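Here are my notes on the model you asked about. Have the picture open beside you and take the points one by one.

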Amino acid sequence: MADIDATRGTNPDAPHDVLGPVRAFDDERPPRAELVADCVHCGFCLTTCPTYVLWGEEMDSPRGRIHLMGQGLSGEPLSDSMVEHFDNCLGCMSCVTACPSGVQYDRLIEDTRGQIERRHPRTPKDRALRKAIFALFPYPRRLRLLRGPLRAYQATGLQRLVARTGLLNRLGPTLSTLESLAPRLRSVPKPPKLVRARTPRRAVVGMLTGCVQSAFFPEVNSATVRILAAEGCDVVLPPGQGCCGALSVHNGRTDEAQRFARRLIDTFENSGMDYFVVNAAGCGSSLKEYGELLAGDEAYEARAQQFAAKVRDLSELLTELGPVATRHPLPVTIAYHDACHLAHAQGVRAQPRALLNGIPGLELREIADPEICCGSAGIWNVLHPEPAAELGDRKARTVLATGAELLVTANPGCLMQVAAALRRQGASIALAHTAQVLDASIRNLGAESLTH
Ligand code: SF4
Ligand code: SF4
């Protein structure tokens, strides 16, 4: 077994110089000391933190992680164990909304992750996994190439056979998680570059088609476009718009996120859009922070701020505009799941509920412990498959306890995560994005279109 140096952990490559171990953080966007100092250690955030709920470890709580950041700022080196506690954070931001002192943990963890990714050498296995994830997930075209083989795998019965043999479990929890997350794929034609409003025009809207959303949930994008057109919006959808950078920024890959952000700003800058609409919660929260992401970039900072000011979650925009399209009855009971990056990071809770409650015949039921993450958290469930499955199972149980016929949420990651957990429990409940429910009501498709 390798010797463990108290200051360097087990990592022999940790930054070190002749004067001893190197400080945890350098001067390039370290977590800010004044934000760390805002934490008064009251502990109000603890019970809302999924990792603290799972393990009861102080260092896997928001307060513990902020304490570690403080240690790093006071000159401690970035040890393996410190990195592990930061890596364990889902970035769900439940602690941000729970904190009575207004601690900006979101800023703190984002800057800390940037430092880790630049300065902490990871193990070869971890490096390889992250490299593979980031060579695939932020690239919609590459993801779409997976659709064919995945559909064949699902359609031929091979998926059921592999599940029965437990082969993937033996090969590794990460592989098994990826397989279990894959949604049932449907074929949907690609939306055109411009879709005109179907009623007198009220706004021009740029729309993010996304990476996972466009590859695995194209029906959600189609429903979003139809709703916007029905509500009097011209919808602009430039092809090749690429990734918004959310996955990269949430994982400390700041340079990569900035590249994606600049490209997206360039793509939409001359579109004449009044708003930029997003139907994936994780993307929306990052897009609203483009100003901070590109702060200090002379060519882009002001443009990023202007862009960010136009960003709206679909439910926010529809609430702002007010309905014009007729809502037809949908007699269905719904459990609405708050995606963390919508509820905690963007503070959008009331708008989706108002939209759903505006549908005649629909009954909305609340899920217990709504502040606890389902365990999806971007790629957290791929990097931490076992605790993610535990969180998914907890969420699935609370969803089933509502007795609802349909689970509705506004993030593709949550849909995949909860669906996988429900399958593990042998349970069946239909799942849909908020956009699909609204679309079914506007088009008068009936509740069966969502539940069968
Ligand atoms: S972001 Fe979520 S997982 Fe991370 S410390 Fe806050 S509550 Fe815990
Ligand atoms: S982060 Fe906020 S809620 Fe949590 S211990 Fe610090 S001050 Fe209290």
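**Notes on the model**

1. Let's begin with M93, which you'll find in the loop between α4 (80-88) and α5. Helices here are DSSP runs of H or I with at least four residues, strands are E runs of at least two, and both are numbered from the N terminus. The phi angle of M93 is near 65°, a positive value in a residue other than glycine. Is M93 buried or exposed? M93 counts as buried because its relative accessibility is 10%; buried means under 20% relative accessible area, exposed means over 50%, and partly exposed is in between, with a 1.4 Å probe and protein chains only.

2. A word on the ground rules. This is a predicted model, in which local features need pLDDT of at least 70 and side-chain atom pairs count only at pLDDT 80 or more, while totals for chains, interfaces and linings use all residues. Residues are numbered from 1 along each chain as its sequence is written, chains are lettered from A and ligands numbered from 1 in the order in which they are written, and side-chain values use heavy atoms, with hydrogens and water left out.

3. Now zoom out. The protein chain has 26 helices and eleven strands. Of its 452 residues, 58% are buried. Take the contacts (heavy atoms within 4.5 Å) between residues at least 6 apart in sequence: 77% of them join residues at least 24 apart.

4. M93 turns up again beside ligand 1. The residues around that ligand are C49, P50, P62, R65, C89, L90, G91, C92, M93, S94, C95 and Y105, where being near a molecule or strand takes a heavy atom within 4 Å of it. The elements giving two or more residues to this shell are α3 and α5. Sorted by class, the shell has nine nonpolar, two polar and one charged residues. For that sorting, Ala, Val, Leu, Ile, Met, Phe, Trp, Tyr, Cys and Pro are nonpolar, Asp, Glu, Lys and Arg are charged, and the others, Gly among them, are polar.

5. Which space does ligand 1 take? It's the second largest cavity. A cavity is a set of points, on a 1 Å grid over the protein atoms alone, where a 1.4 Å probe fits but cannot get out; lining residues have an atom within 4 Å of a point. A molecule sits in a cavity if more than half of its atoms lie within 2 Å of its grid points. This second largest cavity holds about 90 Å³ of space, with volume being the space filled by probe spheres set on the points, which are joined across faces, edges and corners. It is lined by 14 residues, and C49, R65, C89, C92 and C95 are the closest to its centre.

6. Ligand 2 takes the space of the largest cavity. That cavity has a volume of about 110 Å³, and the whole structure has five cavities of 30 Å³ or more. Of the 13 residues around ligand 2, those that come nearest are C39, C42, G43, C45 and C99. The shell divides into nine nonpolar, three polar and one charged.

7. Compare that with the lining of the largest cavity. There are 14 lining residues, with C39, C45, I66, C99 and V103 nearest the centre. Helix α3 (residues 62-73) gives the largest share, three residues. The classes come out as ten nonpolar, three polar and one charged.

8. R29 also has a positive phi, about 50°, although it is not a glycine. Look for R29 in the loop between β2 (20-21) and α1 (33-37). R29 is partly exposed, because its relative accessible area is 34%.

9. Next, Q213 in helix α12 (residues 212-216). Q213 counts as buried because its relative accessibility is 2%. Leaving aside neighbours within four places in sequence, the contacts of Q213 are P218, V220, N221, N279, A280, P412 and H433. Q213 and N279 are 66 residues apart along the chain, with 8.5 Å between their C-alpha atoms.

10. G210 is buried, with a relative accessible area of 8%. Not counting residues up to four places away in sequence, G210 touches P140 and Q241.

Terms used
On a 1 Å grid over the protein atoms alone, a cavity is a set of points where a 1.4 Å probe fits but cannot get out, and a pocket is an open set with protein on both sides within 12 Å along at least five of seven lines; lining residues have an atom within 4 Å of a point.
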